[in-house]
Amino acid sequence: ESLQPPIFDVDWPLVVWLRIDDFRLLSLKLIAEALLLCTPAYAREASLPIYLPGELLGQTLTFAARPVVLWASPANPGAKALADELADICPSGLT
């Protein structure tokens, strides 16, 4: 009962619940973080680095085929800038 006011009376951000596994896990992480931040052990923290084994954020993502060609439509504002940014940070390289 002591956790009810910090959980239900605080204006927490809305957590969207989706049925796709990866998104559902993200929703559960957000709910778990909000709940843990209300407990005395984590009350002084602003956020918690919650990690689930096998989640995409913990994996190194690469492209199976090399070279990878990324097309950016000139009709899409900002697409060229995003494509350039992806090419800069992608370890396997994009052309």
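Student: What should I know about the model and its numbering before reading anything?

Tutor: This is a predicted model, in which local features need pLDDT of at least 70 and side-chain atom pairs count only at pLDDT 80 or more, while totals for chains, interfaces and linings use all residues. Residues are numbered from 1 along each chain as its sequence is written, and side-chain values use heavy atoms, with hydrogens and water left out.

Student: What average pLDDT does the chain have, and where is confidence lowest and highest?

Tutor: The pLDDT is the predictor's confidence in each residue, on a scale from 0 to 100. Where pLDDT is low, the predicted coordinates should not be read in detail. Here the chain averages 82, and 91% of the residues score at least 70. Helix α1 (residues 4-8) has the lowest confidence, with a mean of 74, whereas α2 has the highest, at 87.

Student: What radius of gyration does the chain have, beside that of a compact globule?

Tutor: The radius of gyration is taken over C-alpha atoms, and the globule rule is 2.2 Å times the number of residues to the power 0.38. For 95 residues a compact globule would come near 12 Å, but the chain has 20 Å. Its C-alpha trace spans about 55 × 30 × 30 Å along the principal axes. Of the 95 residues, 15% are buried; buried means under 20% relative accessible area, exposed over 50%, and partly exposed in between, with a 1.4 Å probe and protein chains only.

Student: Which residues line the largest pocket, and how much space lies in it?

Tutor: Rolling a probe the size of a water molecule over the atoms shows where empty space is left. A pocket is an open set of points on a 1 Å grid over the protein atoms alone, where a 1.4 Å probe fits, with protein on both sides within 12 Å along at least five of seven lines; lining residues have an atom within 4 Å of a point. The volume is the space filled by probe spheres set on the points, which are joined across faces, edges and corners. In the largest pocket this comes to about 260 Å³. The lining consists of I7, W12, P13, L14, V15, L30, I31, E33, A34, L35, L37 and C38.

Student: Which helix gives the most to that lining, and how do the lining residues divide?

Tutor: Helix α2 (residues 21-37) gives the most, with six residues. The lining divides into 11 nonpolar residues, no polar ones and one charged. Nonpolar covers Ala, Val, Leu, Ile, Met, Phe, Trp, Tyr, Cys and Pro; charged covers Asp, Glu, Lys and Arg; the others, Gly among them, are polar.

Student: How many salt bridges does the structure hold, and where do they lie?

Tutor: Side chains of opposite charge can pair when their charged atoms come close. A salt bridge is a side-chain nitrogen of Lys or Arg within 4 Å of a carboxyl oxygen of Asp or Glu. The structure holds two. In one, D21 meets R24 at 2.3 Å, N to O; both lie in helix α2, three residues apart, about one turn of the helix. In the other, D84 meets K80 at 2.9 Å, N to O, and these two lie in helix α3, four residues apart, about one turn of the helix.
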